[in-house]
Amino acid sequence: MFDTVTVGKTQLANRLVMSPMTRSRAAAGGLVTDLTAEYYAQRAGAGLIITEGVQPSVIGQGSIGTPGLHSAEQVAAWRRVTDAVHAEGGKIFAQLWHSGRVAHSSLYPDGRLPVAPSAVASGGQMFSPEGMLDHPTPHALSTAEVAQTVADFAGAARNAVEAGFDGVEIHGANGYLVHQFLSDNCNRRTDVYADRTRFALEVTHAVAEAIGPERTGIHLSPGNPYNNIEEGDPLGLYTRLLKDLDPGLAFVHLLEIGDRELVLRLRESWPGTFMLNPHTPAFPPYAGMHASPEAAEDALNVADLVSLGVMWLANPDLVTRIRRGGPYNEPDPATYYGGDHRGYTDYPAMV
Ligand code: PHB
């Protein structure tokens, strides 16, 4: 875990990654703040930080308080974050997160419908201060609109580099737009995107072309039903996807859904750099559990890099704590999303 490793052309101080976590504290206009910079800079001991999900376009936003990377103002705001992390010797990738159908019209200035591969509602709801709102039946993207969406990812990737990020991770997991195209139940298309891996491949290709494959990673969650995703054959689908991705990408980041055998089988189809988020804690039926440092060390038997979420959230100095064998701060779920510095920048480091 404490060995250096090279990701693309970036040398990381260790193999322990901070995984992306929504914190819902962006200011109006999707702007990160000085508090965001402090939060990430506190965690710069990670070999690599992957930020919370960042919308690549206005319509890519799926919940309140999430930041963007589609305007000059947002780029300037993120620059303060990347500068703060780099000043502490850390490395940081932005996660590009398009929510697709897992969204609500009230998020957009023009009140339009969220978009998706097909007009199939998620059946879920979005949190809002006024109460829970049903995700509406989304607008099915036309073929031309899909091309624009791919271009939006590439544009946001260019913005990320301009903002000082070391690279980006494409969010292809957990039931959001890229995963919707991969799934059996959300993708009912009859055009070229009926080929379930095509959108993921086009987005990855466009981002890699924009900023270089060595600065482009992708996050996948084979078999994850979160956000009402159905996948009949995760092994077949993701084997095909992994074989068609450029092995020169910075990494493939896999979320394990309690099935190490599936991870091992998929690993055989990916010759490039491999990152594992061991045995997911965040989703039912695992909600409330979180992966331990022991699980992380074990993951490094099958992966080049290991990502942890909640452990990093609650322990800004996680590398030091693991080296010393703990102790670890207890995470407080009440402050995961939204609010102020409490539960964000006030978890103490060891003295
Ligand atoms: C969340 O905000 O809870 C969330 C966001 C992105 C994910 C998973 C969960 O991939």
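**Rings, charges and a buried serine**

Let's start with a charge over a ring: Arg 323 lies over the face of Phe 2, with 4.2 Å to the ring centre. Keep in mind as we go that this is a predicted model.

Through ring pairs, Tyr 193 joins Phe 153, Phe 181 and Phe 199 in a cluster. Across the model, the count of aromatic pairs comes to 9. Take Phe 181 and Phe 199: their ring centres are 4.2 Å apart and their planes meet at 25°, so this pair is stacked, as planes under 30 degrees apart count as stacked. Phe 181 belongs to helix H4 (residues 177–182) and Phe 199 to helix H5 (residues 198–211), so the pair ties together parts that are 18 residues apart in sequence.

The cut-off for buried is under 20% relative accessible area.

Now let's move to Ser 24, which sits in the loop between strand E3 (16–18) and helix H1 (34–42). Although in a loop, Ser 24 counts as buried because its relative accessibility is 17%. Which residues does Ser 24 contact, leaving aside neighbours within four places in sequence? They are Glu 52, Ile 64, Gly 65, Tyr 337 and Gly 338.

Definitions and conventions. Residues are numbered from 1 along each chain as its sequence is written. This is a predicted model: local features need pLDDT of at least 70, side-chain atom pairs count only at pLDDT 80 or more; totals for chains, interfaces and linings use all residues. Side-chain values use heavy atoms; hydrogens and water are left out. Rings of Phe, Tyr and Trp (its six-membered ring) pair if their centres lie within 6.5 Å; planes under 30 degrees apart count as stacked, over 60 as edge-to-face and the rest as tilted. Helices (H or I, at least four residues) and strands (E, at least two) are DSSP runs, numbered from the N terminus. A charge sits over a ring if NZ of Lys or CZ of Arg is within 6 Å of the ring centre and within 35 degrees of the ring normal. Buried means under 20% relative accessible area, exposed over 50%, partly exposed in between (1.4 Å probe, protein chains only). Contact means heavy atoms within 4.5 Å.
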